[in-house]
Number of protein chains: 2
Amino acid sequence: MAQTNSMGGMVSLIGAGPGDPELITVRGLRVLREADVVLYDALVDERLLAECRTGAELIDVGKRAAGAEPPPPNPSHHNALAQERINALLVAKAREGRRVVRLKGGDPLIFGRAGEELEALAAAGISCEIVPGVTAATAAAAQAQLPLTRRAAGGSLAGSSRGVLLITGHPAAGTAAAGTTASAAVSWESVAAIAPSVTVCVYMGLKNLPQIARRLLDAGLAPQTCVTIVSNASLPSAQVFETTLAGAAAAAGSDGADNATDGLPSPALVLISSNSPQHYVSPPPRK
Amino acid sequence: MAQTNSMGGMVSLIGAGPGDPELITVRGLRVLREADVVLYDALVDERLLAECRTGAELIDVGKRAAGAEPPPPNPSHHNALAQERINALLVAKAREGRRVVRLKGGDPLIFGRAGEELEALAAAGISCEIVPGVTAATAAAAQAQLPLTRRAAGGSLAGSSRGVLLITGHPAAGTAAAGTTASAAVSWESVAAIAPSVTVCVYMGLKNLPQIARRLLDAGLAPQTCVTIVSNASLPSAQVFETTLAGAAAAAGSDGADNATDGLPSPALVLISSNSPQHYVSPPPRK
C-alpha cells in the first residue's frame, strides 16, 4: 500500500498499543526496527524505543493524555512540541529521504490526532502508511475480563451488549462548548440513549468521572449501571475498580471530598455497562 | 495475570487481528508458538497456524462471520462446532494440563462471543488470560486512511468526529427481534441520533447495507452522509468503495437489482461518517 516518494522518504504511523510493549503488532515492531527517525508520544514504553536500530534518531514529541502529569525533564530528548511542529517535523524528516515512524499510543486513528498529520503529509505529497494498533478499550476489557459485546445465554437480549461506543471524557475533546452546534459533539443525552444496549468506553475519563456520571444520570441512565475503571491496562501496575453510576457520581457535589476513584492512576479507561458485566476473575485487590 | 490451575492447564484467548498475519501482537504470536492445542476460527490466516510448534494440535472450530460462505470441506480439520462444543473442548483440553490457545479474528472481546467461553472456563475453574488484538474497524480505517476520530482545524467542531461506535449489521446479533425490549438491542434510532458526532463502524454489515441505510435515513440521518466500505482490510486483496447513505439505500427496494456494493467481497467493514471524512490517499480502483 505504501509507496515512497521521489526522494525515497515516507512516513509510517504506527500504533504502539495500550501499554505492554509486547502488545505492538509484529508488523509495527518490524517497521519500527527499520526506521531512520522515530517521533514518539509520552505514553510509549522505553522498551519499544530500545528496539530501534543503532543510529536511529529518536524524537520525544511529548503528547500525552489530557490531565496526565508532564514527564520529568530529559535533556536528551527534544521538548514537547505542538501539533503543528510535529506535522512540520514529519514532513521535513521525510523530505530528507528517510524512513520516518510516527509512534502513537493505542491505535493511531482513535483519539490520536492522526488526521492532522495525514493532512499535512498529503499536502506535502509525502507517502504514508498506517499500521493499526490495539486500542486502550480492548486492553482494558481484557484486563477486567469483561466482554465488550455479549450475547446472553439462550438468545435472550437481557444481559447482552450489542455494540461498543468509544468516547472521550476530556472536555476539550469530547463535549460541546457553549454555543457550538449539537450535531458536532457527542451529547451525553445521545450517549445515555444508546448506553443501555452497548458498552461505553470512556478514554481520558477518570478525572471528570463524577461529572460524566452525573450528566448520564441526568440524561436518564440507571443509577445501578455498572462502572468499571481500569488503570494501566496490560501493565503489571494494572488496577481494576468497580462501582455504579450512582457511586461514581457521588463525589461530584463535594469538591475536595474523598472519592473512591481518587487513588487510581492514569491512564485509565472507564467502562460503562448497563447489563451487569460478567467478570470471570476477581479483580486484583486495591493497594 | 494468568495462573495455571492445579492440573497445569490454562487457556489464552488471543486476538489474531484483522487479516494480515503480521497484525497479531508480538505477545499473541509468542503465546501461540508455545501452545499445545490451538482452537482457531475460519478467518484466521494459515500463515499464523504455520507458526505453531511441531506437534501442536490444531483444531478448526469453523466460526465465521455471518453471511460468509462456508469453507471447502477439509478432512484434515474437524468439522465446524457449535459454540457449546467449543466451550466443552476448551475445558477438556485444559483439564489435560495442556496450554490451550483460542485464536479469534480481530479482538476476542468485540463480536467474538468470548463471554460464553469465559463463562464456561470460569465455571470449570480453569485459568484464562486474554491477549487483545487489532479489531477490524481500526484496520479498515487504516486501509482507507480515514481517521475514526478527528479534531477539525482551528478547534472548529464542524468536520470533527468525537467518538467511534462499533455495531453489527447482522440481524441475529444486532437488531431487536419483534417483541424484545428496546433497551437490550441497538435501535437504529439511537444509532442515527449519535451518528452525526461519531464514526459508526458496522461489522458484518455489507449484506444488509441497503436495509441498514434505509433504516438510518428513516431515523433522520442525512442522505449525503458518507459511507465507506472496506473489504479485506489489511490484505493485498483489500478494496475501498465510497458512496453515500442515499446511494447505499438505493438498492433496498429492488430485490435482485444490481447494487453498487454487490461486487465487494466479505469480510467487509462499513464506516459511516456524517462529517465528510478526509481520505489522504486515493482508494485503489475497483477490479
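The model is predicted, so local features need pLDDT of at least 70 and side-chain atom pairs count only at pLDDT 80 or more, while totals for chains, interfaces and linings use all residues. Residues are numbered from 1 along each chain as its sequence is written, chains are lettered from A in the order in which they are written, and side-chain values use heavy atoms, with hydrogens and water left out.

**Stop 1: the interface**

Select chain A and chain B and colour them separately. The contact (heavy atoms within 4.5 Å) takes 66 residues from chain A and 66 residues from chain B. The size of an interface is often given as the accessible area lost when the parts come together. Here the buried area (the accessible area, with a 1.4 Å probe, that two parts lose on being put together, summed over both) is about 5700 Å², and carbon and sulfur atoms give 63% of it. Next, select A:E22, A:R151 and A:R162: in chain A these lose the most area to chain B, together 12% of what that side buries.

**Stop 2: polar links and contributing elements**

Display the side chains of B:R27 and A:D20. They meet in a salt bridge at 3.8 Å, N to O; the term denotes a side-chain nitrogen of Lys or Arg within 4 Å of a carboxyl oxygen of Asp or Glu. Across the interface of chain A and chain B the rule finds 6 salt bridges. It also finds 20 residue pairs in polar contact, both residues being at pLDDT 80 or more. A polar contact is a pair of N or O atoms within 3.5 Å; within protein, one must be able to donate a hydrogen and the other to accept it, and residues adjacent in sequence count only if both atoms are side-chain atoms.

Which element of chain A gives the most to the side that touches chain B? It is β6(A), with 6 residues. Helices (H or I, at least four residues) and strands (E, at least two) are DSSP runs, numbered from the N terminus. The residues of this side of chain A divide into 38 nonpolar, 16 polar and 12 charged. In this division Ala, Val, Leu, Ile, Met, Phe, Trp, Tyr, Cys and Pro count as nonpolar, Asp, Glu, Lys and Arg as charged, and the others, Gly among them, as polar.

**Stop 3: strands across the chains**

Select residues 163–168 of chain B, which form its strand β6. This strand and β6(A) pair (DSSP finds at least two bridges between them) in the antiparallel sense over 5 bridges. A:G163 has B:I167 as its bridge partner.

**Stop 4: strand β1 of chain A**

Select residues 10–15 of chain A. Of the 6 residues of this strand, 6 are buried, so β1(A) is largely enclosed by the rest of the structure. Buried means under 20% relative accessible area, exposed over 50%, and partly exposed in between (1.4 Å probe, protein chains only). One side carries A:M10, A:S12 and A:I14, and the other A:V11, A:L13 and A:G15.

β1(A) pairs in the parallel sense with β4(A) over 6 bridges, where A:S12 stands opposite A:V101.

**Stop 5: two residues of chain B**

Select B:E22, in the loop between β1 and α1 of chain B. It is partly exposed, at 22% relative accessibility, and touches A:T25, A:V26, A:R27 and A:R30.

Finally, select B:D45, in the loop between β2 and α2 of chain B. Is B:D45 buried or exposed? At 17% relative accessibility, B:D45 counts as buried. Its side chain reaches the backbone nitrogen of B:R47 at 2.7 Å.

Key. Lists of a residue's contacts leave out its neighbours within four places in sequence.
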